[in-house]
Amino acid sequence: MWRALLVLLCVATLPAQAAEEEIVLGLSQDRVAITSTFDGSDILVFGAVKREAPIPDAEPLEVVITVSGPSKPVMVRRKEKKFGIWVNVDSVLVDSAPSFYAVATSAPFNEVLTNTEDLRYKVSIPQAIRSVGADMNIQDAQDFAQAVIRIREAEGLYSLREDTVAVDQQTLFRTSIKMPANLIEGDYKTHIYLTRGGNVVSQFATDIDVRKVGLERFLFNLSRQQPVIYGLMSLAIAIFAGWGASAAFTVLRNR
Amino acid sequence: MQIYLPIAEVSVNAFLLLGLGGLVGVLSGMFGVGGGFLMTPLLFFIGIPPAVAVATEANQIVASSFSGVLAHFRRRTVDFKMGGVLLVGGLTGAALGVVVFNYLKGLGQVDLLVKLCYVVFLGVVGGLMFIESLNAIRKSRSAGGAAPAKRRQRGWVHALPLKMRFRTSGLYISAIPPLIVGVFVGILSAIMGVGGGFIMVPAMIYILGMPTKVVVGTSLFQIIFVTAFTTMLHATTNYTVDVVLAVLLLVGGVIGAQIGTQIGTKLKAEQLRVLLAMMVLAVCGKLALDLLLQPAELFSLGTDGGH
């Protein structure tokens, strides 16, 4: 009996010893529903730091929050001038790049996280992209990975937002992550890192579920699972809509 | 009002799409062309992925041709036999076109192919039409009357075997030229996302020698089936038909076409053709510049690699 209780006590205190400062997280929404009028979404990420001991005197507490969309291989192609016109010539398969990636920090990035910690936890945008299998005869494979970042930053899919996490009294933190309208479906992994002096002292992870719903869901599933029925349905709807619109117009004109 | 397109996976303004459909509809009503050759490049410009634009446009053309062909059924200006022969060629061509399309999509050259096709065909058709209609205007000014009707060409087309009688068109010619025209238009339909009327109508008049009054109805009849087949092929192999996009374009397009027909009756045929030719050349010029000038971003992303 006593032994059992002792074991239970040990188990209960273990996580607390591993991280003296723990994250208690809240999200304004843990699901994003892509409806037919979906026009982007703002997600409020907020939370508190739970600690048993007083606030350490060391470096101030900083917070890094990342939201990362589903990762997929991306084929990157580069154009070159051939026979007077611009043609895709080289291509590199970037093994895995998130479809969406946002990093929000409470101070300039290089102050909240050291390079070694960035390498370990893969926080910054270049770290989130994995590219190993470059073709042997392409020397500047790094340019292709940078192109992914540049193009997706221009589309608002990748962003580094420094100084956008508000931290109160080293305990409460909050930020708002803007998600654009051109999202794809999947589990968006949300990581929160607490750092002191550039080193991660605690972390927490959760998922934001981005899903098409209603009509969008129905049409997308149908087009993938029953392509023949979907194709026939598209034709029927289109013919009916075309015929209906012209019939309606004729009626209007003949009045 | 933003609307999220389920297959294209982009969010666009619904009124922009209705407006685009309407604009192209007005033009197609004015000039009696399908408008696919204008709509597809415009969809590229507003950021719809090219593969989705091509497949969806095929779906839209089915519907707009269907409402067009009903009027021709009533007037009995559809040559079903000729349409059938063109159709056999067209279906073969469409199947070939989708195979080529998918092969080049794997190589990452599909955008180039589509754009090159557009530049070449819009350039040739626009240029020819421009010269021809300028000549017509000049003639009508100098002679003050209609140009004399030319004798139809009766050359190699009539020397081929496999002759068939086409009663509605009043023709007795080999089935081979219509088949070839059909195959060619089918390939274009699959690759460019167009009905191909702008190629088929001149080919039917100048190569096959069909009377003008049955040409439009017969080409619409053939286009319905070829584009329906193309739509099915794209829907089952590429999953790129976006029905929401198609319906929005269509509703705008049908209303626009009615307005365009009204405007068209108030303008002279030669003036209309010069305007159409200039518009075709403008779209061609824009696409050609994209190929010739150094793009701001040399890199492009595709997701089709790897699987």
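User: How do β5(A) and β5(B) pair, and over how many bridges?
Analyst: Strand β5 (residues 71–82) of chain A and β5(B) pair in the antiparallel sense, over four bridges. Strands are DSSP runs of E with at least two residues, helices are runs of H or I with at least four, and both are numbered from the N terminus. Two strands pair if DSSP finds at least two bridges between them.

User: Is this experimental or predicted?
Analyst: This is a predicted model, where local features need pLDDT of at least 70, side-chain atom pairs count only at pLDDT 80 or more, and totals for chains, interfaces and linings use all residues. Residues are numbered from 1 along each chain as its sequence is written, while chains are lettered from A and ligands numbered from 1 in the order in which they are written.

User: Back to the strands. What is the bridge partner of M75(A) in β5(B)?
Analyst: G302(B). M75(A) also stands opposite L93(A) in β6(A).

User: So what is the strand order in that sheet?
Analyst: The order is β6(A)-β5(A)-β5(B), an open sheet of three strands with antiparallel pairing. β6 (85–98) of chain A and β5 of chain B are the edge strands, and each pairs on one side only.

User: How many bridges link β5(A) and β6(A)?
Analyst: Eleven, in the antiparallel sense.

User: Which helix packs on the sheet?
Analyst: Helix α5 (residues 141–154) of chain A. It touches β5 and β6 of chain A together with β5 of chain B.

User: New topic. How many residues of chain B are in contact with chain A?
Analyst: 48 residues of chain B are in contact with 48 residues of chain A. Contact means that the C-beta atoms, placed from the backbone, lie within 7 Å.

User: Which element of chain B gives the most to that side?
Analyst: α9(B), with eight residues.

User: What about α3(B): how many of its residues are buried?
Analyst: 19 of the 26 are buried, so α3(B) is largely enclosed by the rest of the structure. A residue is buried if 20 or more other C-beta atoms lie within 10 Å of its own, exposed if 12 or fewer, and partly exposed in between; C-beta atoms are placed from the backbone.

User: And what comes just after α3(B)?
Analyst: R76(B), which takes a positive phi of about 55°.

User: Last one: which residues of α6(A) are buried?
Analyst: E216(A), L219(A) and S223(A) are buried. The face turned away from the buried side of α6(A) carries the exposed residues G214(A), F218(A) and Q225(A).

Technical notes:
Two residues are in contact if their C-beta atoms, placed from the backbone, lie within 7 Å. Axes are lines fitted to C-alpha atoms, for helices over the stretch in contact, and angles run from 0 to 180 degrees between N-to-C directions.
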